[in-house]
Amino acid sequence: MAYFSRHTSRQFQRFFVIGVLSTTVNYGMFFLLLYSFRIDYIISGIVGYLSGLIIGFAFNRSWTFQSVERRAAHEAVSYGGVYVVSLIMSMLFLRLLVGM
């Protein structure tokens, strides 16, 4: 039982670190594209979001959960599918806030 809680705690810590990293990549890319390259805020938001998503998936799969199964494509589609809904909602909300 002690191993399980120690193992789970380590996974949570790693998941948290990757969450911070992927969020930093997301917003870093968003602001870079928006302010440095003057790319539309919706396009910048989508590219930033997808950048963070890819970083999060890759590092969570390999480092946080140490997945060794060869189902990476299936896992990526499942992972991405969940986040597509979130992306659409985020972009609609962003559009709404900018339009106010």
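The radius of gyration is taken over C-alpha atoms, and the globule rule for comparison is 2.2 Å times the number of residues to the power 0.38.

**View 1. The whole protein is a predicted model with the pattern α-α-α along the sequence.** Its radius of gyration is 16 Å, whereas a compact globule of 100 residues would be near 13 Å. The C-alpha atoms fill a box of roughly 55 × 25 × 25 Å along the principal axes. Three helices and zero strands are present (DSSP runs, H or I of at least four residues for helices and E of at least two for strands, numbered from the N terminus).

**View 2. Here we meet a nonpolar surface patch of about 670 Å².** Its members are Phe-12, Phe-16, Val-17, Val-20, Leu-21, Phe-59 and Trp-63. Helix H1 (2-36) and helix H2 (41-64) each give two or more residues, and H1 has the largest share, with five. Such patches join nonpolar side chains (Val, Leu, Ile, Met, Phe, Trp, Tyr) within 5 Å, from residues with over 30% relative accessible area and no salt bridge. Areas come from the Shrake-Rupley method with a 1.4 Å probe, counting only the protein chains shown as cover for residues.

**View 3. Glu-75 and Arg-61 form a salt bridge.** The term means a side-chain nitrogen of Lys or Arg within 4 Å of a carboxyl oxygen of Asp or Glu. In this pair, the closest N and O atoms are 2.5 Å apart. Glu-75 lies in helix H3 (residues 72-98) and Arg-61 in helix H2, so the pair ties together parts 14 residues apart in sequence.

**Notes.** Residues are numbered from 1 along each chain as its sequence is written, and side-chain values use heavy atoms, leaving out hydrogens and water. In this predicted model, local features need pLDDT of at least 70 and side-chain atom pairs count only at pLDDT 80 or more, while totals for chains, interfaces and linings use all residues.

Technical notes:
Patches are made of residues with over 30% relative accessible area and no salt bridge: like charges are joined within 9 Å, nonpolar side chains (Val, Leu, Ile, Met, Phe, Trp, Tyr) within 5 Å.
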